Amino acid sequence: MPGAENIPADLLYSDTHEWLRIEGEEAVIGITGFAQDALGDITYVELPAVGDAFSIGQPFGSVESVKAASDLVAPANGTVVAVNDSLENSPELLNVSPYDEGWIARIALPGAPGGLMDAAAYEEFCAGEK
Amino acid sequence: MNTIFAKSVPGRCSAVIDSDAPDAARMLPPNLLRARPPRLPECSELDVVRHFTNLSRQNFSVDANFYPLGSCTMKYNPKFLEYVAALPGFTRLHPLLARLGDSHAQGALRCLYETERLLCEITGMEAFSLQPMAGANGEFAGVSLIAAYHREVGRDRRILLIPDSAHGTNPASAALAGFEIANIESRDGMVDPRALAAAIAAHQGNVAGMMMTCPNTLGLMETHLPEIVKQLHDIDALLYYDGANMNAILGKMRVGDAGFDVVHLNLHKTFATPHGGGGPGSGPVGVNAHLLPFLPVPRVEKRDGLYLLNDDFPHSIGHIGPFYGSFGVAVKALAYILRLGGEGLARVAEYAALNANYLKKRLEDVLDIPFERICAHEFVASAPEGLHALDIAKALLDRGFHAPTIYFPLIVRECLMAEPTETESKETLDAYVEALREIIAQGRDDPHALGEAPLTLPARRFDETAAARHIRITEDME
Amino acid sequence: MPYIPHTHRELQEMLTVVGVRGLDDLFADIAPSLRPKHFNLPRGRSEADVCAFFEDMAGKNGTDTISFLGAGFYAHDIPKAVDALSGRSEFYTAYTPYQAECSQGTLQAIFEFQTAISRLFEMDCANASVYDGGSAIFEAAMMAVRATRKHALVVDEGVNPVWRGMLRTYLAGLDIDVRIVPHANGTSNLTALTAAVDDSTAAVIVQNPNFFGAVADYTDVFANARARKALGVISVYPVMQAVLKTPGEMGADIAVAEGQSLGQPLNFGGPYLGLMACRKEHIRQLPGRIVGRADDRDGKTGYVLTLQAREQHIRRSKATSNICSNQALCALRALIYLSLLGPRGLTRLAEHNMALTRYAVERLTALGDVEPLNDVPYGSEVALRLPMPAEKFISALAKKGCVPGYPAGRHYAAMGNVLLLSCTEVNNRAQIDLLAEAAGGLL
């Protein structure tokens, strides 16, 4: 399973360990390999609802393992346009494929997101967190 | 073991009342009746007795095993407590009977009154209410009193300070009462007065109080207590005492004298009432004079030799429980206090501390002990480098010892928190030390083998992740 | 020294190991200024002495009267096997089953309890219990607030005033609006319960039978709530639930109850047992302990505490509730009780008590001036209108050794003459005849 290594180069990252992939005026968001590794085997994902609007830094859902629970923190302002329903029955996708099959939500962006790290900066950030 | 439902045989029954009553359908219209009878077990009395007797044998318990679960005070529960609480004059008493005339419940009301007065003398508080039904319920009552106090003087203070070593219920109870929580970091295992001063400055004018456990969950007395009290009282913030560790200070310190404003006790810890497999407990809340008007109602009073219930406290926070608390638990605590007396209670703290310090000392070369100073009634240790607290805990089970509390407090690495209590003998403690010594030696030899424990119990380690992903919490959820 | 095993010699040996001279050296960290100003407690007494004191106290309560007092809390016969089994110290001297491998007894019992409660209410799932019926209502309300993210509650005035009082206390620090829907002459006003629900409502909370004993069908109230994205919460009397339309059949989202009537003595108000069951979709909002089935390493089925990530030792201030225990021993008693009675025993008990109550109504109304408060169906408790203040009636009869019930006027306006009378199997026809005779002399 991916941990702090193999950080995809084409994504942006928040200091609360969410990633964001910009696709035109929308973005796909999820949690990073580092985050899933710290949580352990994920047992539940509380997804946002389509239509939910949130601003950067706000919790928009949560993830649970047997021993821990963690809020999902919005890496950008946005409105949810789609969620990954398959996480409801297969939360382990967050562990095995955090950057791909384990995506959490697709959001409409009101503008270009700011304050996020690129892969190199995030890698350095993770090294400091250990 | 099969469940009682799997043992059910259609048509079998035991406790069916002999009655000539008509069917419900002849007494109520059909739209108000259930379509089919409840799918409860159909068993003979022996089926039921055998099932639950065999279930009971799959448990560890204080009566059968050393149970050094830290912060839980698993002391011996004297048998006569069960006797006094089961007297029919208590068990058959309807709580509302006291509301139809005080004379119907003089004995029960006196028990409540005496318990409250004795708890006041034990803690140095002005008054107690026995209403809270458990420790966390007492916490909620206590922080609600703090909220009521500030509200009364027209202040909207939103912040409760809570040390990082606190039980998780503290922030949960505070949040339930509408507070926001500010975390106070420990230093050398204790509340750091400088961190406290910084927090007070950062939340200027907004600090309602602070919740403390003392000795704290590391088993250490807070040596800066007077300074902490002063800092809080200087801004008219209130200090809350979480009574989880009260067993450590009986007769040695009274929280009221020390400056605490509000306290909850756990009768099921300090005062020897059994834990019941997780409840029922009882979490009386005690206050200083200035919080007295806010205590839950009704209050039990004594006037002209009669015991009565008084609801006339306009500033009260109201009803925390339905009636007067866990009466059946309070009776046991009162019996325990009367049996021991003042001297006996002080001895509890002395021997609880002796047992903890003895165990800690003897384990110094077995586990990593982060705080070497004299501890109170419990102490924390870390698993030796390379070993896991969880594996050690499970290996202890194989040797007939209940595990200590593990992975708490969160601020100690691979934590094992042990509270032997005063009722354990030296040879039990010695046997526990030897067991741990063997386990650590085995773990160094073959850490993998330790990961296999337990091997001798009704069950081995469970796949908790799978259980949380595929939830089956009743027989019908498959 | 009671309950302390140390001999003098062991004490000395242990002090030497610790490296202190006396026991008081262990308290050096408590500054002299913090030592007790006084500790004036009585001297210890012998076990026999203490028992005698309590025997005396137990004799000073009015438990030898004939009583028709209920009001949500009921005297029932409890099979002795309940005491014998729950009195096994393997159950009662254990703690919360944190270490599953050595706690399968408690864990399996809780799993079975959750199953029994779910089936009694016909709901998908149940938790391991909370403190009492009142805290169960509060926790249900908070579940609804979290699930709907709305902040108003609609509460039927027929919900037990004791529990509504608790709800007020618990909501004091939270920004939650409570609308009470007045009863209509002792029955739920179903139209008003429907009208009171709007888009801000998190839950509509009702009780069946209500405080006056009236039985109703809340199916339409809950359907309306669902249409407004609010939850339906119902509090029930578990014994009557054996025959009454279930919360599940009515479409309730959450069902709660005071579980005292299932094998717990009245005990002057506690400990009691809060029952909570819900639809599967709300399972993550369910507070308190929950036991789940799990497989161990050998593939053997067993039981563990599950969904713990909702709880305060992990979520701290964001936990679903501050409740970190359950009424485990009370839940065990309820499970044993339900296992002994079974479907037939519980059903017949409900029917027996309903029949007794009907007999009491017949006898009392035959006196002429007593009449039922209303003509709606009732269970084993009923509201009667007397030709005199109920308070007066009760105290006069109580002096003769018969407590006829509870005065509704304590909690409701214009109900001064209304008596709440409940019959259970601890009563019988001879007692009711006595009651009627004594009442006849008074009215």
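**A helix of chain C**

Begin by selecting helix α12 of chain C, residues 328–365, where Arg348(C) and Glu351(C) sit 3 residues apart, about one turn of the helix. The model on display is a predicted one. Show the side chains of this pair: Arg348(C) and Glu351(C) form a salt bridge, with N and O 2.8 Å apart. Both Arg348(C) and Glu351(C) are buried.

Because Asp433(C) belongs to helix α14 (residues 429–440) of chain C and Arg363(C) to helix α12 of chain C, the pair ties together parts that lie 70 residues apart in sequence. Asp433(C) is partly exposed, at a relative accessible area of 25%, and Arg363(C) is likewise partly exposed, at 29%.

**A further pair in chain C**

Now select Arg45(C) and Asp49(C). A salt bridge joins their side chains at 3.5 Å, N to O. Are these residues buried or partly exposed? Asp49(C) has a relative accessibility of 37% and therefore counts as partly exposed; Arg45(C), at 28%, also counts as partly exposed. Over all chains, the count of salt bridges comes to 58.

**The interface of chain B and chain C**

Colour chains B and C separately and turn to the interface. Here 199 residues of chain B are in contact with 178 residues of chain C. The two chains bury about 16,500 Å² between them, and 65% of that area is on carbon and sulfur atoms. To see the leading contributors on chain B, select Arg34(B), Phe462(B) and Ile473(B): these supply 5% of the area that chain B buries against chain C, more than any other three residues.

How many salt bridges cross the interface of chain B and chain C? There are 10. One to display is the bridge between Lys426(B) and Glu13(C), at 3.4 Å from N to O. Polar contacts across the interface involve 82 residue pairs. Select helix α11 of chain B, residues 327–362, which gives the most to the side of chain B that touches chain C, with 25 residues. The residues on that side of chain B comprise 112 nonpolar, 47 polar and 40 charged.

**A final selection**

Finally, show Arg362(B), Asp365(B), Lys426(B), Asp430(B), Glu434(B) and Arg437(B) together with Arg9(C) and Glu13(C). Salt bridges link these residues in a network.

Terms used. Residues are numbered from 1 along each chain as its sequence is written. Chains are lettered from A and ligands numbered from 1 in the order in which they are written. This is a predicted model: local features need pLDDT of at least 70, side-chain atom pairs count only at pLDDT 80 or more; totals for chains, interfaces and linings use all residues. Side-chain values use heavy atoms; hydrogens and water are left out. Contact means heavy atoms within 4.5 Å. Buried area is the accessible area (1.4 Å probe) that two parts lose on being put together, summed over both. A salt bridge is a side-chain nitrogen of Lys or Arg within 4 Å of a carboxyl oxygen of Asp or Glu. A polar contact is a pair of N or O atoms within 3.5 Å; within protein, one must be able to donate a hydrogen and the other to accept it, and residues adjacent in sequence count only if both atoms are side-chain atoms. Helices (H or I, at least four residues) and strands (E, at least two) are DSSP runs, numbered from the N terminus. Ala, Val, Leu, Ile, Met, Phe, Trp, Tyr, Cys and Pro count as nonpolar, Asp, Glu, Lys and Arg as charged, and the others, Gly among them, as polar. Buried means under 20% relative accessible area, exposed over 50%, partly exposed in between (1.4 Å probe, protein chains only).
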